[in-house]
Amino acid sequence: MADKKAVALPRKTYEKELLRLQTELVKLQEWVRTTGTRLVVIFEGRDAAGKGGTIKRVSEHLNPRVARIAALPTPTERERSQWYFQRYVEHLPAAGEIVLFDRSWYNRAGVEHVMGFCTKEEHQLFLRQCPIFERMLVEAGVLLRKYWFSVSDTEQQERFRRRLEDPLRRWKLSPMDLESITHWEAYSRAKDEMLVHTDISEAPWYVVESDDKRRARLNMIAHLLSSVPYHEVPPPVLELPERPLSTGYQRSPRDLQTYVPDHAASL
C-alpha cells in the first residue's frame, strides 16, 4: 500500500528550480556535443508513473538534433524474428548525441512477461543477456543511466481517473494501461526480479519516488546532472551584423497570398 503522501512541492519553488536545472541540461548537452560523448537515459516504471512528463521537461529546451526521444512502437513481424536487442541498437546515440528511451528493452522484463507476450524461456534469456548487453555498452564508452519511476497503487488509480475524464490526456490511457490495475502484484514481482538481475554496478538502477510529479522531475534531473562529469563549454563569440541598406526590394501585394485567418482577433 502507499506510504504517507509527501507534502506537494509549491509550484513557484518547482518552476524556479526546474528552470535552473534545465539551464544546466543545456550545458550538459553542449558538453556532450563538443566532447563526442554518447549518453543514454532509460525511463521505466509503471503506467502513469510520470515518465512522459519528466522526459518532456528534460528535452524541453534541448536541441532535437543532439537530444532525441526513442519511443518504439509494437515490434513488426520482422523485428520479432530478430535478436531481441537488435531493434534498440539502431536507436543508440552516435558521438555527441543523447537518447532518452521512453521505455526500452526492459519491456521484456515487464509488460511482455506479465501479459504473456513472450515465453518464459525468452524472459529468462533476457534476464541473462541484459547485463551482458549493458556492460558491452558501458565498456564501449556509452554513459548509461537507468531510472525506475515508482508510483503507489492509489496514486496510479487517481491518475488513470483524471486521464479518463480529461479529453486532452485521454489518448494516454489504453486498455493495456487499465489491465495493469488488475496485474499490480504481477508487475511488482516482475520488477523485483528484473532489479535482482539487472541492477549491476556498471549500470545501476535509480528509483524515483513519483507520487509527487514535481518532486520526481526535479529529483531525477538533479541526479542525472550530478552523475555526469560535464562542465560548461564556452559558447562561440557571435556578433549581430548590421542590417544592410535596402537595394530597392518591394514586397509583393498581400492580396496575391493566402493568409491564415486572424482567429486571435475574435477572442
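**A look inside**

Analyst: Of the chain's 267 residues, 39% count as buried, meaning under 20% relative accessible area, with exposed meaning over 50% and partly exposed anything in between (1.4 Å probe, protein chains only). Keep in mind that this is a predicted model: local features need a pLDDT of at least 70 and side-chain atom pairs count only at pLDDT 80 or more, while totals for chains, interfaces and linings use all residues. Residues are numbered from 1 along each chain as its sequence is written, and side-chain values use heavy atoms, with hydrogens and water left out.

For orientation, the chain has ten helices and five strands. Both are DSSP runs numbered from the N terminus: helices are H or I over at least four residues, strands are E over at least two. The C-alpha trace spans about 75 × 50 × 45 Å along its principal axes.

Now for the empty space. Rolling a probe the size of a water molecule over the atoms shows where empty space is left. Here, a search of the whole structure turns up one cavity of 30 Å³ or more. By cavity I mean a set of points on a 1 Å grid, over the protein atoms alone, where a 1.4 Å probe fits but cannot get out; a lining residue has an atom within 4 Å of a point. The largest cavity holds about 40 Å³ of space; for that volume, grid points are joined across faces, edges and corners, and what is counted is the space filled by probe spheres set on the points.

What surrounds it? The lining of the largest cavity is made of Leu25, Leu28, Leu39, Val41, Val58, Leu62, Ile98, Leu100 and Leu224. In class terms, that is nine nonpolar residues, no polar ones and no charged ones. (Nonpolar covers Ala, Val, Leu, Ile, Met, Phe, Trp, Tyr, Cys and Pro; charged is Asp, Glu, Lys and Arg; the others, Gly among them, are polar.) At least two lining residues come from each of α1 (11–35), β1 (38–45) and β3 (97–102).

Those two strands sit in a five-stranded open sheet, ordered β2-β3-β1-β4-β5 with parallel pairing; strands pair if DSSP finds at least two bridges between them. At the edges are β2 (67–70) and β5 (205–209), each with a single partner strand, so one side of each has no neighbour in the sheet. On average, neighbouring strands are turned by 20° against each other, direction ignored; the axes are lines fitted to C-alpha atoms, and angles run from 0 to 180 degrees between N-to-C directions.

Zoom in on the strands and the lining residues show up again. β1 and β3 pair in the parallel sense over six bridges, and Leu39 has Ile98 in β3 as its bridge partner. Val40 stands opposite Val99 in β3. On to β2, which runs parallel to β3 and is joined to β3 by four bridges: Ile69 has Leu100 as its bridge partner in β3.

The wider packing is worth a look too. The largest nonpolar core has 30 residues, and those with the most contacts inside it are Leu25, Leu28, Val41, Phe43, Met220 and Ile221. A core here is a set of buried Ala, Val, Leu, Ile, Met, Phe, Trp, Tyr and Cys residues joined through side-chain atoms within 4.5 Å. At least two core residues come from each of α1, β1, α2 (51–59), β3, β4 (142–150) and α10 (213–227). Helix α1 gives the most to this core, with seven residues.

Finally, look at the loops that follow these strands. Most residues other than glycine have a negative phi. Ala48, in the loop between β1 and α2, has a positive phi near 65°, and at 6% relative accessibility Ala48 counts as buried. Arg103, in the loop between β3 and α5 (111–114), also has a positive phi, near 70°; Arg103 is partly exposed, with a relative accessible area of 25%.

Conventions
1 Å grid on protein atoms, 1.4 Å probe; cavity = no way out; pocket = protein on both sides within 12 Å on 5 of 7 lines; lining within 4 Å.
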